[in-house]
Structure formats: C-alpha cells, structure tokens
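Me: I have a model open on my screen and would like to learn how to read it. Could you walk me through its features one by one?

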Amino acid sequence: MEHMENMQYAEELVREFLVFRGFKNTLQVYEKELSTDIGKGFQVDKILELIFSVYVPTFEAERLVHLLNFLKHCFSSSSETTSIATLAKLEASILRYYIVHALKSGRKDKVLEFFGTYGNDLLQRGEGWTPWFAIPYVKNPNLEPQFRVYFSKEWFDTLLISFRNLISEIFNGIHILESTVKRLKKDIKQLNLKLSQLQALLETKEAQMCHLRRLALFELLLSESLDILSFQAPVHSFSTYKTCVSAFCSHLFEKQPMHIFFHMNMNASLPANLSAESILPELEHDSSSLEKHSFLDGGATDTCHTYQEELSTDNAHQVQKEEDFPEVKMEFQETFLGHTSPITCCRFSAGGTNIASASVDGTVRIWTYDSSTPTSRNATIYCGAEIMSLDWECKSDRLLLIGTADGCIKAWNVDAKRVVCDLNTTAAFPSVLDLKCSPVEPIFVSAAASKGYTSASEEMGFASLTVWNMKTWKAMTFLPLGKDPPAITSLCFNHNGKLLAAAATDGMIHMFDMSAGLQITGWPAHDSAVSSVQFGPDETSIFSLGSDGKIFEWSLHNQGQVLWSRDCSRFRNSESSNICRHEMALDSNGRRLVVTSDSVRAPIYQVQGHMSGLRTLAHAAAITTVDWHPTLPIYLTGSADHSVRVTSIS
C-alpha cells in the first residue's frame, strides 16, 4: 500500500540521516523502537495481542492511544464512513477497558494518571465520558448499574470479537483495493502494448500506401513519357530516354533494385520492338550522364529536364551540409559562468531540475537554470583530480556520482552537501571513463581503464567493468570482458536495467545481461573507437558514435543492420580534441541527436522526420559536452570557453 511504502521510505531516510551524522546511540534506540512495529504488518491477531496482552496489562496508555490513532489514520482513506464510526466507538470501549482493568488490578493511580493526560480530549469527544471521571472515587464501581456491564466477561468477549471483525473487514477491503489497483495497472499495461502494436501496424500501412503512391506516380510518368517517345521522338534517341528514366527511378526508389517494377509495368507500355529486358541493363547504370543528353523533341527535353531538376533538388536536400542547417529557434537560454576552465562534462539530474558540470581544473558545480527552483542544492565540489565522468542517481535528484582520473568514485549528496561515499577502483584501472546508474535497482556500473583518454582514444589501455551496490557502497561483481580487453568508453542501461550496452575502443559494442552478469551478444560497429553509445527511445535500436565522427543507429532485432546514419566528421578534428571525448545525446522522444563539435556550433540531427537538422547557437570556442533534458526539449552545451548553456527550443 502506498502509505506503508511512504512510511518505509521515511524510515530509511531517518536511518540514513542517523548513520550519516554518527548518532550511534540514537540509531540503536530507533532500531529498537522500530522492532515493536505498531502496525504489525496489518495482521489482526498481532494487533489484538499488542493491545490486550501488552499495552493494557502493562498500563502503557500512551502507546495504546498512539496505536489507536495510528489505525484510525491508516484506515480513514480506505474505509467507508460507517466503518470509521464503528472504529471510533470501539476505540472508546478499549479505553474504558483500560480503566476497568486498572481498577481490577488495584491501580487507581493509573486511572488518575490516564484522566490527567487525556481527560480534556475525552470531554471534547463526548461519547458519555463525563460519568467516568467519577469512577476512581466510587467504592464498588462493579456494582454500580452505570459501570457494572464493563466489568463482566461477556462484555469483554463481545469487545474482542467486534474489534477483530472490524479490523478484519477493513484489512480485507484494503487488500481488495490493492488487488483492484494491480489489476487496473496490468490492464493499462496491456492496453499500452496493444496501442504500440496498432501504432506499428499503422506505420507499416502508411509506408505501404506511400510505396503504392510512388508506384502509381511512376507508372503515370512512364506511360506519358513512352507516349511522347512513340509519337515525337525517333527510335535512336531512346537511349537518352532510358538514361532519364534511370535517373528518375533512382530518385523515386532511392536506388533500390528496379527490375521488379519494370517487369511488372514496362512490358505493357513499351513499343512492340522494345521490351523491359532489353533496356533494364542500361536503366540500372549510373544516371550521372543525364546532363550530357537531350531529347530531339522539345516536349521530351522539357520532361527530362523536369526529372533532372527534381532529382537535383532532392539530392541537395539529403546531402545538406551541417553548416547549412538552420539555427535553432530558441525559446529561452541561460548561460552559467561559474567555471574557470574548459568544461569536460555536464549532465541533467533525473528530474531535470539540477545540473552538474565539471571542468578541466577538477571542480564540479551543482546548479539550476530555473529561477523558480530553490538554489539550496547549489555547491562546488573540489575533487583534486581530472573529472572523467558524471552520472545522477535515476530515482531521485539526491545523489551525484563523480569519476576521476586517479581511480576515485565519489557520491555527493546534494541535500547534505557533502561526499557520502568515497570509493576507489583497483590500481590497475585508475581512469573512470564512464559511470551509469541502473534505472531500477540501487546499483551502478563503472567503466575504468588503465590509461586516460587522449587525442588518440584507441590508446586508453585495458578495461574493467565493475558493478557497485549503492546501499553498502561495495563492489558486487566484475562483468566479464575476456583477457586484456580494450577500454570501455561509454555505458548505457535499457529502461528496466536488465541490459547494459558498453562501447569499446576497438569499435565493438557489447551487450550484457545484468541479471546473469554475462555478455549475451556483441558486434563490430565502427572501424575506429566508439566514443558514445545510447539506446533508442523504443529500445528496438541503439545509437553509436565513433571517434571518426560517424553515427549509426543499429537494429536490435536484426543485429548488424543499420537503420540510420550520419557523418559529422567535418566537426571532428582529432588533433585539436584534447579536452574530452566526442559524445552525443538523444532527446527523450528519440527524434533529435546533438553531437559535440570542434566548431563553435554543434549539429542537431533530425533522426525522424523530413528536416535534416539544426545548428546550435554559437559559443566562443569548441563544444565539448552535450546532454538533453530527460523530458523537455531543452539541451545542454558545455564549451572550451568555460561556459555551460541551457537552451530551450520549440
């Protein structure tokens, strides 16, 4: 139940605080008090035992009242009004039983103490409590008609049964509600899955319709052109026509094999002395000679010229240079100038409210770009070594992990504003190239190498992958990489933390099953080192960026198949990239991908859609690190000019 989950979370926070402050004695008392567990896991028999066998016999009135209030608070949001009213009446009966038991035991002092503490509250409730204030002074209350029934065994048995039945009924109602919520969540999950399947089917049908429209257009244009040829052009100019059709088909079908379409459609339209088989070999030649030919007939020349213009326009659109991308349409931009040296890494927190940025001088700064957000978490962390990696805990904005070049992994608590844990990798692997927190479990993985990154990223030495527990802050296991493996430069978890992708300097992408702790697959992705890797938003693909500037989107259904690619090597000058590795960031929708740049601007590629891409606003120096907000169209750019910018785009 949500209330119990919140209570357990609060208990963990209190325990963490006591450990953090070193209050050992307080922690022992706290643990002892928790062991009583006044809710008793909402088990009826244990709660009854606690009331009638512990609190009442030992005259622990304060704990008895606290437990009854706790039960009322727990059930007030999940029970009917009648049940709450009944519980209030039974609460009054239990308190009267406490008084009766004290008088039977000869502890009149406990009765007076009870009324002294809770008398005012009882008078405000009403419920016939006024006569009870005289009971300590009545000589034989068990003989008085007003109190006699409360001293009988029959009344106590009735109270016990009534209380048991009510608590059982309320618990059953809570469990039914919890079961209903689980069932509804399951139904929602199934409906979301069905929706995804329908969306995929819709996309398939749209692609088929688009293909059919292209085919229909092709048939229409081919038919019209053949009519022109038959009536206006001599036979000897048909080779020129074939060249023009070849260029058009290359444009129309994106240079896919055309023989299927010609066998299906051309033989029905060609003149009697020609066939599809006779012209296909020439049609499949490169259409670059289009400009060298022209039809003798003016109408045919105009038709071919139209094809050429359309093809040229589309090719220009497809190969549009990044330098020609339009500048982003900015909604707002904030610039952070707190660093005094080039920026090496910057990351949004899990909720997007805080930002961590690191610079060459070994400092990390925590800050926020939103003026409406409290700045109480803002801080500067001095690490004493080059910072090579940053990552935020995925479930909250409280913990930041920092990896350095001297084998140190620090955990910074932004609420306490201090390092809560200081770990060290083995001496053989001092360079912590990347850190990634699991999105589900309290673990993280570190990728360490025997050397730091240089301008030649292939020279990072050997690799080590370690899985750490974030509760005990101890190493759990080492993921197998084989003997003397090349350095792992980038890590990425999938949405449920069951898969881990790791990119290596030998161009390989490795995939690990985290539950088994084993590598399940891998493939060569680049001819050079892979500097960044990231799962696509639907996790049917994975993006990789090579140190040579090539970007690939790989299918996870058909391993080795490239779904999308770009070459941003013109923005990559390895001789001048001495600050940090080349990296990329994908937005939450998987539609835009921003890449670091040795220029003052960085390209934002459009992964889905018709637009080629955008250009970021200019810094004063190279863009050395990038990141996207976890949910909004807002990106980060860190630069060698010591600045970090937050830019919101439409």
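**Reading the model together**

Reply: Let's begin with a sheet: four strands form an open sheet in the order S10-S11-S12-S13, and their pairing is antiparallel. Its edge strands are S10 (431–437) and S13 (474–479), each of which pairs on one side only. On average, neighbouring strands in this sheet are turned by 25° against each other, direction ignored. Do keep in mind that this is a predicted model.

Me: How many bridges hold strand S11 and strand S12 together?

Reply: Seven: S11 (residues 443–449) and S12 (residues 463–469) pair over seven bridges in the antiparallel sense.

Me: What does the chain contain overall, in helices and strands?

Reply: There are eleven helices and 28 strands in the chain. The chain has 650 residues, and 46% of them count as buried. Among contacts with a separation of 6 or more, 50% are between residues 24 or more positions apart.

Me: Let me try another strand. Is strand S4 mostly covered or mostly open?

Reply: Mostly covered: S4 spans residues 363–367, and four of its five residues are buried. Now look at its partners. Strand S3 (residues 355–359) runs antiparallel to S4, with four bridges joining the two. Within that pairing, Ala358 has Val364 of S4 as its bridge partner. S4 is also joined to strand S5 (residues 379–382) by four bridges, again antiparallel. There, Ile366 stands opposite Ala379 in S5.

Me: Which residue takes a positive phi in the hairpin of S3 and S4?

Reply: That is Gly362, with a positive phi near 85°, in a hairpin that has three residues between the strands.

Me: Which residues have a positive phi although they are not glycine?

Reply: Phe59 is one of them, with a positive phi of about 60°. You can find Phe59 in the loop between H3 and helix H4 (61–75). Phe59 counts as buried because its relative accessibility is 13%, and the cut-off for buried is under 20%. Glu539 also has a positive phi of about 60° without being a glycine. Look for Glu539 in the loop between strand S18 (530–535) and strand S19 (541–546).

Me: Now a helix, please. How do I read which side of one is covered?

Reply: The general idea is that an α-helix has 3.6 residues a turn, so residues three or four places apart point the same way. Take H3 as the case here. H3 has twelve residues and reaches 16 Å from its first C-alpha to its last, close to the 16 Å expected at 1.5 Å a residue. The buried residues in H3 are Val44, Ile47, Leu48, Leu50, Ile51, Phe52 and Tyr55. Seen down the axis of H3, these buried residues fall within an arc of 160°, so they line one face of the helix.

Me: And how should I read salt bridges?

Reply: Side chains of opposite charge can pair when their charged atoms come close. A search of this whole structure finds twelve salt bridges. One of them joins Arg164 to Asp45, with the closest N and O atoms 2.6 Å apart. That pair links distant parts of the chain: Arg164 belongs to helix H7 (residues 153–232) and Asp45 to helix H3 (residues 44–55), 119 residues apart. Arg164 has a relative accessible area of 34%, so it counts as partly exposed.

Me: Are Glu583 and Arg347 buried or exposed?

Reply: Both Glu583 and Arg347 are buried. They form a salt bridge with each other, the closest N and O atoms lying 3.2 Å apart. This pair also links distant parts of the chain: Glu583 sits in the loop between strand S21 (562–567) and strand S22 (584–586), while Arg347 is in strand S2 (residues 343–348), 236 residues apart. Elsewhere, salt bridges that share partners join Glu91, Asp121 and Arg125 into one network.

Me: What is the salt-bridge partner of Glu60?

Reply: Glu60 forms a salt bridge with Arg63, and their closest N and O atoms are 3.3 Å apart. Glu60 is partly exposed, with a relative accessible area of 23%. Arg63 is partly exposed as well, at 38% relative accessible area.

Conventions: Residues are numbered from 1 along each chain as its sequence is written. This is a predicted model: local features need pLDDT of at least 70, side-chain atom pairs count only at pLDDT 80 or more; totals for chains, interfaces and linings use all residues. Side-chain values use heavy atoms; hydrogens and water are left out. A salt bridge is a side-chain nitrogen of Lys or Arg within 4 Å of a carboxyl oxygen of Asp or Glu. Buried means under 20% relative accessible area, exposed over 50%, partly exposed in between (1.4 Å probe, protein chains only). Two strands pair if DSSP finds at least two bridges between them. The expected span of a helix is 1.5 Å times one less than its number of residues. The arc is that of the directions from the helix axis to the C-beta atoms. Axes are lines fitted to C-alpha atoms, for helices over the stretch in contact, and angles run from 0 to 180 degrees between N-to-C directions. Contact means heavy atoms within 4.5 Å.
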